Amino acid sequence: MQFIINGQDHALDLDSRTSLLDLVRDHLLLTGTKKGCNQGACGACTVLVDGERINSCLALAVQYQGRAITTIEGLGSTKALHPLQQAFIEHDGFQCGYCTPGQICSAVGMTAEIEHGVPSAITEDLTAETIQLTHDELRERMSGNLCRCGAHNGIIGAIQDSFVEGGDFKNNDAKEAAE
Amino acid sequence: MIAFDYARAASASEAIASAASQAHAKYLGGGTNLIDLMRENIEEPTALIDVSTLSDTIDVRDDSILIGAGVKNTAVAAHRAIRQRYPVLARAILAGASAQIRNMASVGGNILQRTRCTYFYDDAAHCNKRRPGTGCDARDGFNRNHAILGASPACVATHPSDMCVALAALDATVHLRGADGDRTMKLVDLHRLPGGRPDIETELRQGELITAVELPALPSSTRSTYRKVRDRASYAFALVSVAAVLDVDDASHIRDVRLALGGVAHKPWRAFAAEAALRGRPATQANFRDAAEIELKDAAGLRYNTFKIELAKRTIVATLSELNGRGRS
């Protein structure tokens with residue numbers, strides 16, 4: 001099977017039962033992506049496929065051959081943090097950190113959805129061209145990612161603080177320069 | 001999970017031929033329900049035929065919209081024409097699951113997803129749906145999420161879809177392709193009530209594939225919305241939900257109304273009796289309540305879900321009142 005993970009090509013022989021989550025963790029040793037519930041309820045396994053967020057635990061790897069898959073390792077590193085990773089640190093967006101890679105991948109996918117005008121269950125005007133990024137909108141849109149430490153307020157704060165229109169995130173340096 | 005062969009079908013015809021040539025094959029869409037069921041050995045296909053890349057377009061026509069069965073749930077809810085003309089459908093989809101799952105789940109798979117009854121999932125429990133003839137532990141168990149309408153002694157499970165409740169209210173037609181050719185069926189006729197065979201959930205024939213869902217046009221004066229009541233504000237299945245399509249004339253009389261309920265039955269529950277009671281009558285709260293009473297007349301509660309009978313009535317009244325008042329779309 002042929003995969004594109006974080007821009008790198010991989011060719012592996014896999015059992016058809018292998019989930020996308022087990023592929024990245026057990027076969028490629030990209031252990032940033034976490035296995036929480038393994039049934040789509042917690043969001044810890046969230047990765048991006050062609051820029052869209054999905055639960056990798058419910059995905060058969062075989063179905064995702066040839067698609068551009070991004071895990072947390074593809075977003076940032078300890079030497080070069082993604083702006084959201086920096087914002088999570090500043091906002092106490094985690095305690096134990098287990099849900100964090102999923103939260104961050106999910107937030108990146110969510111940003112793209114907002115830029116594409118995808119409404120949410122609480123969006124008042126379904127036909128509006130642009131979506132107001134309120135606290136409640138963010139909470140609704142991030143409801144597929146649970147944090148058992150209860151860091152949700154920090155998580156929402158981090159996303160709200162680092163989001164800039166155009167589907168990108170501002171990094172801390174840019175923010176300080178702007179201030 | 002038992003081992004299986006995987007193959008991606010290049011066309012609907014190829015998928016159907018492939019299914020016909022194998023004893024225990026299943027079609028694979030987004031996999032969000034099927035993979036979970038396979039992991040629990042509730043579903044044990046020996047072959048998966050991937051149909052997720054087939055019929056993945058939304059075709060806007062003058063008198064209808066045709067949604068391919070492979071279209072992802074998010075893409076349906078985000079589609080401009082659907083947001084404008086069928087807000088009930090966009091809202092129902094957005095009220096279901098999480099954003100991650102909506103990005104994976106297909107329209108066809110959403111329709112064919114199976115109940116989330118915990119006794120169906122629990123291999124140690126008796127379940128006539130999982131193993132016919134073994135009994136039902138939900139009937140005397142924790143049945144808060146179970147049926148109040150159309151249930152049988154054999155099964156009190158509910159159909160979990162939000163999208164299907166909207167499709168029922170919109171009079172949607174399902175396009176099917178099988179070894180015997182193409183046919184169509186109303187969405188409301190596709191799912192079965194449990195009766196004595198809760199293991200048989202739909203009217204689909206062996207190997208038949210859902211290829212599309214068609215939404216008939218609505219008069220421009222029609223308003224529609226979806227209201228979902230659940231135990232937490234997001235990412236939970238419905239205790240009760242209501243999809244409502246309402247057309248009121250200038251004299252505040254109901255020209256047309258279509259109502260469907262979710263979370264209450266083994267299938268998306270079209271409220272035909274309530275609709276008949278409302279057509280031609282003044283759009284008032286009292287009439288909404290009368291219609292809700294008529295629809296829930298034969299409702300039967302279990303130990304932990306009797307509250308859903310009154311909840312369903314109030315949700316019908318609230319949803320119709322909302323549409324009649326400010327016309328949320």
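Chains A and B meet through 30 residues of chain A and 29 residues of chain B. Two residues are in contact here if their C-beta atoms, placed from the backbone, lie within 7 Å. On the side of chain A that touches chain B, strand E4 (52-55), helix H4 (100-115) and helix H5 (135-141) each supply at least two residues. E4(A) gives the most, with four residues. Helices (H or I, at least four residues) and strands (E, at least two) are DSSP runs, numbered from the N terminus. By class, this side of chain A has 10 nonpolar, 14 polar and six charged residues. Nonpolar covers Ala, Val, Leu, Ile, Met, Phe, Trp, Tyr, Cys and Pro; charged covers Asp, Glu, Lys and Arg; the others, Gly among them, are polar.

The model is predicted: local features need pLDDT of at least 70, side-chain atom pairs count only at pLDDT 80 or more, and totals for chains, interfaces and linings use all residues. Residues are numbered from 1 along each chain as its sequence is written, while chains are lettered from A and ligands numbered from 1 in the order in which they are written.

Stay with chain A for helix H3 (residues 83-90). Its buried residues are A:Pro83, A:Leu84, A:Gln85, A:Ala87 and A:Phe88. Buried means 20 or more other C-beta atoms within 10 Å of the residue's own; exposed means 12 or fewer, and partly exposed lies in between. After H3(A) comes A:Asp92, with a positive phi near 50°.

Now the nonpolar core. The largest one has 153 residues. Such a core is a set of buried Ala, Val, Leu, Ile, Met, Phe, Trp, Tyr and Cys residues joined through C-beta atoms within 7 Å. B:Val88, B:Leu89, B:Ala166, B:Ala169 and B:Ala243 have the most contacts inside it. Take B:Leu89. Leaving aside its neighbours within four places in sequence, B:Leu89 touches B:Val76, B:Ile82, B:Ala166, B:Leu167 and B:Leu170.

Next, two helices of chain B. The axes of H12(B) and H13(B) come within 9 Å and cross at roughly 145°. Axes are lines fitted to C-alpha atoms, for helices over the stretch in contact, with angles from 0 to 180 degrees between N-to-C directions. From H12(B), B:Gln285, B:Phe288, B:Arg289, B:Ala292 and B:Glu293 meet B:Lys313, B:Ile316, B:Val317, B:Leu320 and B:Ser321 of H13(B). These residues divide into five nonpolar, two polar and three charged.

B:Thr306 sits in the loop between helix H12 (285-295) and helix H13 (307-325) of chain B. Why does B:Thr306 count as partly exposed? Because it has 14 C-beta neighbours inside 10 Å.
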